[in-house]
Amino acid sequence: MKRKNLMSVLLILILVSLFLLFPIINAQQLEGTQQTQWSRSTWLYLPAVEGNNSGAVINTTVTLSYPGTGQVTVQSNGQVQSSTQYSMEMAYIVAMLYAGLNYNNYNLKVFINASGSISGPSGSFGVMLATYGLATGINTSILHDYAITGAVSPSGLSGPIGGLSQKCSAASSKNLTLAFPVGNLASSGVSNCKKFLPVPGIIFASNEIYKTSPYNIEINVSKDEEFELAMKNSSNQFINQTNKILKEVNSTISTLSNQTLFILNLEQIINYSKNNINLAKETINKDPYASASYAFTAYYYALTANYTIWLYNISLSRSNYLSTFVNNVTQSIINDANKLESKLINNSNLNTLYSQELMATAFSRIADTIYSAQYTQSISSSISNSSLITIAQNMAYSQARLESALSWAQAAILSNKTPPFISQGLISSTASAASTYTTAAVNYANSLIDYYVAQYTSIGDIADAQILSAMKSDLNYLLSSANNLLSKGYYTAAIGVYEDALQNSLSIIFIITGTNYPFVTNQYATELQSEFNLISSELASRGLQSSIDNSYMNYAKQIMNSDPESALSIMETAVVDSIIWYIGELSFNNANSVNYITIVSSNNAINYGMYIIYLAVGISLGAFIAILYVSRTYKKLYS
């Protein structure tokens, strides 16, 4: 009797379970067939300067779609030049990374409703802001009150543009507020604007235009004792080397005669070196990285003075040998750099974030050494007495950069026990993601070089056109070298060379202007600090926090008043370096908005509602049957 009742209970439970599971199974089938592809569009006004030198505002449509492959399509009623195409690709990547999404999973289409040739990067910041709104679900209709101009940088800054006067007039004629780069604030064209908003970058623009809530993120990262020890050692080494060179320079400078202006220039360089030695000594205990940076700068100035004297003496006796001498010295530096790179590749199997960042920086310095030396070789054929100091500066920079690489490598080895520990998967993912990001930046920079070369050539400035062309060749060399390292599985080295290619691209993409105005400098510095804090907090939330880029930021603040242009460049480098690891992490974990956003058609929504009702009825009916059976069984057993 008991066995029969037990079998009956099991049979009813199975039937009830099937009844309950049926709607759940169907709901899962629905989830597999629901609409997982979507498209969102918005439009905005982009101000432009037309062929007749008059201003206009152009209606531009931006469409973000999922799924995708990271493709960016830019179309118009005319022809879109490469400088516009590549600036839009950079805009897309920047928008998606600040939205926390993997840009490889989406596509972007931009339609510029204009005829004729479309060139230049000034529309990229507006498209970046529109894409960011679409990616995050912000209401983008507010953009219709603005005309937005600015050349987006890889970190999200709004870089200076041309034709501000015409763009102000065009925006005012439509009663629009012109959002333009804060670097253009000193331009005389601002007076033509009825309503305007100077913008430093994406964080400021999001707060002021989209009215998003401002945040206050403070990053407190514990110091790495091994890193600080390595920086102290580096500082002391550079100080000692600098003192030796200055002693040699002082003994030689007295032999120069009838060169008053030349000697005055040398003495100024020597004073720069001595001042930086003093700063290095003052900061060596409280901020070792800043101390090492000051000592490096002192060494660079001392080498510059020394190389200048060598070049001057050669020009007096064997002027036809100058180019050969420069090429011999720089080639020797390149050979030493290649040897050091090969040596470090065999010792770069490191497994902490600190050590990876430090070793990547060493490879970055090596790449920068070769980049600078090759650039010097490319311009050495036209050396004159007026360019001796410039050539000497390039030679000194290459030599100092190479020696700093060894310091970073030593710091990496010392820091290989400092957490957080990271996987080889994250390292390889970061290298691959850095490839895409850097390729976009280099393409962007190269397109701008072509754009500027055409302008210089049109006015007969062949010398500057040739210098820019040499920079393009060297950028392509860096990118090719990084890709070669990546293909061989030398991920740390690849990351470092990509970082250097990015840093050199920045000098072309984001041309800093207006730094003689404290307001402009402070606006860009505040924006970069906000960008850095945001990216760093995202990394920290994933267990990837490091004090290295934070050291860059602190050093930049120390030199902001004396050298604002270099300070802002260092800050943007810190942001971009952090972005590389951030996009690596996004790629490694395949960040995808489908995890957060599900768009369901109305028919499926009705089906979901029916299944929910069915499920509720099923649960209630199943529970009722179970209770009824148990009640009856209880009565039979105990009545």
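Which residues does Ser 407 touch, not counting residues up to four places away in sequence? The contacts are Ser 234, Gln 237 and Phe 238. Keep in mind that this is a predicted model. Ser 407 sits in helix 11. Its relative accessibility is 7%, so Ser 407 counts as buried. Now look at Ala 230. In sequence, Ser 407 and Ala 230 are 177 residues apart. In space, their C-alpha atoms are 7.1 Å apart.

Trp 408 is buried, at 6% relative accessible area. Tyr 552 is buried as well, at 4%. The ring centres of Trp 408 and Tyr 552 are 6.4 Å apart, with the planes at 75°, so this pair is edge-to-face. Trp 408 belongs to helix 11 and Tyr 552 to helix 16, so the pair ties together parts 144 residues apart in sequence. Both rings are part of a cluster linked by ring pairs. Its members are Phe 227, Tyr 289, Tyr 294, Trp 408, Tyr 552 and Tyr 555.

How many aromatic pairs are there? The count comes to 22. Among them is Tyr 272 with Tyr 301, a tilted pair, 5.2 Å centre to centre with 45° between the planes. Tyr 272 is in helix 7, residues 260-283, and Tyr 301 is in helix 8, so this pair joins parts 29 residues apart in sequence. Tyr 272 is partly exposed, at 36% relative accessibility.

One more ring. The charged end of Arg 40 sits over the ring of Trp 38, 4.3 Å from the ring centre.

Next, charges. Side chains of opposite charge can pair when their charged atoms come close. The salt bridge count here is four. One of them joins Arg 401 to Asp 368, with the closest N and O atoms 2.9 Å apart. Arg 401 is in helix 11, residues 388-414, and Asp 368 in helix 10, residues 353-379, so the bridge ties together parts 33 residues apart in sequence. Is Arg 401 buried or exposed? Arg 401 counts as buried, at 13% relative accessibility. Asp 368 is buried too, at 4%.

Now a network. Salt bridges link Glu 538, Arg 542 and Glu 585. Arg 542 meets Glu 538 at 2.7 Å, N to O. Arg 542 also bridges to Glu 585, at 2.5 Å between the closest N and O atoms. Arg 542 lies in the loop between helix 15 (518-541) and helix 16 (548-559), while Glu 585 is in helix 17 (residues 564-588), so that bridge connects parts 43 residues apart in sequence. Arg 542 is partly exposed, at 33%. Glu 538 is partly exposed, at 27%. Glu 585 is buried, at 8%.

Back along helix 15 is Gln 529. Gln 529 counts as buried, at 17% relative accessibility. Leaving out residues up to four places away in sequence, Gln 529 touches Met 553, Lys 557 and Met 571.

Last stop, a helix pair. The axes of helix 8 (residues 288-317) and helix 9 (residues 322-345) come within 10 Å and cross at roughly 145°. Helix 8 contributes Tyr 307, Trp 310, Leu 311, Ile 314 and Ser 315. Helix 9 contributes Leu 322, Phe 325, Val 326 and Val 329. What classes of residue make the contact of helix 8 with helix 9? Eight are nonpolar, one is polar and none is charged.

Technical notes. Residues numbered from 1 in each chain as written. Predicted model: local features only at pLDDT ≥ 70, side-chain atom pairs only at ≥ 80, totals over all residues. Heavy atoms only, no water. Salt bridge = Lys/Arg side-chain N within 4 Å of Asp/Glu carboxyl O. Helix = DSSP H or I, 4+ residues; strand = E, 2+ residues; numbered from the N terminus. Buried < 20%, exposed > 50% of the residue type's maximum accessible area, 1.4 Å probe, protein only. Contact = heavy atoms within 4.5 Å. Axes fitted to C-alpha atoms, helices over the stretch in contact; angles between N-to-C directions. Nonpolar A, V, L, I, M, F, W, Y, C, P; charged D, E, K, R; others polar. Phe/Tyr/Trp six-rings, centres within 6.5 Å; stacked < 30°, edge-to-face > 60°. Lys NZ or Arg CZ within 6 Å of the ring centre and 35° of its normal.
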